[in-house]
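Dear colleague,

Please find below the structure that I am handing over to you, followed by a summary of what was found in it.

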Amino acid sequence: MRHLLSPLDFSVEEIDKLLDLANDMERNPSKYSELCKGKKLATLFYEPSTRTRLSFEAAMMNLGGNVIGFSSAASSSASKGESVSDTIRIISCYADICAMRHPKEGAPLVASLHSSIPVINAGDGGHQHPTQTLTDLLTIRSLKGRLNNLTIGLCGDLKFGRTVHSLINALVRYTGIKFVLISPDELKVPDYIRQDVLDAKGIEYKEVQSLDDAIADLDILYMTRVQKERFFNEEDYLRMKDFYILDKAKMALAKPDMLVLHPLPRVNEISVEVDDDERAAYFKQVQYGVYVRMAIIATLLGLEVK
Ligand code: CP
């Protein structure tokens, strides 16, 4: 039995295979429409979500399976003090696979240690968000045609943004990847990413504050929201929240084939006037999230079309 707790739980070869499967599911939906017949997915969301929870549910339904779950800690027995380890023992009696989002880093790992079904990390605190990363990789590979030889700008809240941490971890395994880390000083990537991942692997990167100065060199611009829920005081959040706003004027400085990605939700960091730009790929990214989660469910359940 396998879990998905970090993007590194799959080798590069396994990720290639998973992305191929996701592309095939996109092209041939009817081939997979009964693959999970009789199977149940449990969505255990202790933190708010629109995309991750609903795309997991849509993915399981597209595969012919069923879904149970809760969408907040308040509506589960966590509100009465039940532990994650007890909860997963219970859910293992009800479902074949589960996706868990939790505000505490490592909660899905704890769950996996007590689970008899595959556990998928659907986002744990400011730590990792592997299914968003696989979505990002599928989006880049499908729209750019490659995952090698790319200059990637990561912009915004690089300190608390778990999608950024997961994406860096995943992309350093490809060749010719350069990062431009664009953030205010207070929201730089944590040391464990800079030292243990980027420096340790000899990856080319620079840390800058100005998006205007950096944008012309980028193949991918990955915008992120300032993570209000992880700030210790409102004042700091208010000071940081509109530090970057991508608008038409900034897009005019970018390459004609640069892609703009964002894990969403967006607040102010991408002006709606950018939505009609053909380089804006963030809504396509949402659609790729369904295919990739279909592929993840099928792979972790060990199911293949005969
Ligand atoms: N990208 C993402 O994780 O969105 P949700 O918080 O809506 O799931």
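The model is predicted. I begin with an open sheet of 4 strands, which has the order β2-β1-β3-β4 and parallel pairing. Its edge strands are β2 and β4 (119–124), each of which pairs on one side only. On average, neighbouring strands of this sheet are turned by 15 degrees against each other, direction ignored.

Within the sheet, strand β1 (residues 40–45) and strand β3 (residues 97–102) run parallel and are joined by 5 bridges. T43 stands opposite A99 in β3. The C-alpha atom of A99 is separated by 9.3 Å from that of G69, the two residues being 30 apart along the chain. G69 itself belongs to strand β2 (residues 66–70); its relative accessible area is 53%, above the 50% limit, so G69 is exposed.

Turning to charged side chains, the count comes to 15 salt bridges.

- R239 and E186 form a salt bridge in which the closest N and O atoms are 2.9 Å apart. Because R239 lies in helix α9 (residues 234–240) and E186 in the loop between β6 (177–182) and α7 (191–199), this pair ties together parts that are 53 residues apart in sequence. R239 is partly exposed at 47% relative accessibility, and E186 is partly exposed at 40%.
- K250 forms a salt bridge with D212, with 3.6 Å between the closest N and O atoms. K250 lies in helix α10 (residues 248–251) and D212 in helix α8 (residues 211–214), so the pair ties together parts 38 residues apart in sequence. K250 is buried, with a relative accessible area of 17%, whereas D212 is partly exposed at 40%.
- K255 and D219 meet in a salt bridge of 2.9 Å, N to O. K255 lies in the loop between α10 and β9 (259–261) and D219 in the loop between α8 and β8 (220–223), so parts 36 residues apart in sequence are tied together. K255 counts as partly exposed at 28% relative accessibility, while D219 is buried at 9%.

As regards aromatic rings, the count comes to 3 aromatic pairs. The rings of Y282 and F283 have their centres 5.2 Å apart and their planes at 65 degrees, so this pair is edge-to-face. Y282 is buried at 0% relative accessibility, whereas F283 is partly exposed at 48%. Elsewhere, the charged end of R293 sits over the ring of F56, at 5.4 Å from its centre.

With kind regards

Conventions:
Residues numbered from 1 in each chain as written. Predicted model: local features only at pLDDT ≥ 70, side-chain atom pairs only at ≥ 80, totals over all residues. Heavy atoms only, no water. Phe/Tyr/Trp six-rings, centres within 6.5 Å; stacked < 30°, edge-to-face > 60°. Buried < 20%, exposed > 50% of the residue type's maximum accessible area, 1.4 Å probe, protein only. Lys NZ or Arg CZ within 6 Å of the ring centre and 35° of its normal. Helix = DSSP H or I, 4+ residues; strand = E, 2+ residues; numbered from the N terminus. Pairing = 2+ DSSP bridges. Axes fitted to C-alpha atoms, helices over the stretch in contact; angles between N-to-C directions. Salt bridge = Lys/Arg side-chain N within 4 Å of Asp/Glu carboxyl O.
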